[in-house]
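Reader: I am new to protein models. Could you walk me through this one?

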Amino acid sequence: MDGYVYLVNSKTGVNECVQCSAGCASCNTDNTNNCVGCVKGFYSKLDDTQSPAANQCYPCLKNCKTCSSSTSCSKCFRGYKLTSDGLRCVSKCDKDCNTCV
């Protein structure tokens, strides 16, 4: 299941599913804060403020499906289009939802 990793609980010795950090599609068994991949709407960035350093998933801009940073977007969710500057996703429909482009 996305966002979870199967590992042995060190206190009980029982196998269990443990949730990865927010936005992680999957994570390492030795560090659930170290994301192996991100879910749609998140991007991966190395966080070297923690020890050991780990890849974390951070949210993209609002309505952005694929991005590589918090300030740009490469693909929008359905119903949205990318602005010409690539900085945000806006609705394909006019404000009254009478027409869509």
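Reader: How far apart do the centres of the positive and negative side chains lie?
Author: The protein carries 11 positive and 8 negative side chains, where Lys and Arg count as positive, Asp and Glu as negative, and His and the chain ends are not counted. Each charge is placed at NZ of Lys, CZ of Arg, CG of Asp or CD of Glu. The centres of the two sets are separated by 10 Å.

Reader: What is the mean pLDDT of the protein?
Author: This is a predicted model, where local features need pLDDT of at least 70, side-chain atom pairs count only at pLDDT 80 or more, and totals for chains, interfaces and linings use all residues. Residues are numbered from 1 along each chain as its sequence is written, and side-chain values use heavy atoms, leaving out hydrogens and water. The score pLDDT is the predictor's confidence in each residue, from 0 to 100; 91% of the residues reach 70 or more, and the mean is 86.

Reader: How many strands are in the protein?
Author: Helices (H or I, at least four residues) and strands (E, at least two) are DSSP runs, numbered from the N terminus. The protein has 0 helices, and its pattern along the sequence reads β-β-β-β-β-β-β-β-β-β. The number of strands is 10.

Reader: What radius of gyration does the protein have?
Author: The C-alpha atoms fill a box of roughly 60 × 25 × 15 Å along the principal axes. The radius is taken over C-alpha atoms, and the globule rule is 2.2 Å times the number of residues to the power 0.38. A compact globule of 101 residues would have a value near 13 Å, but the protein has 18 Å.
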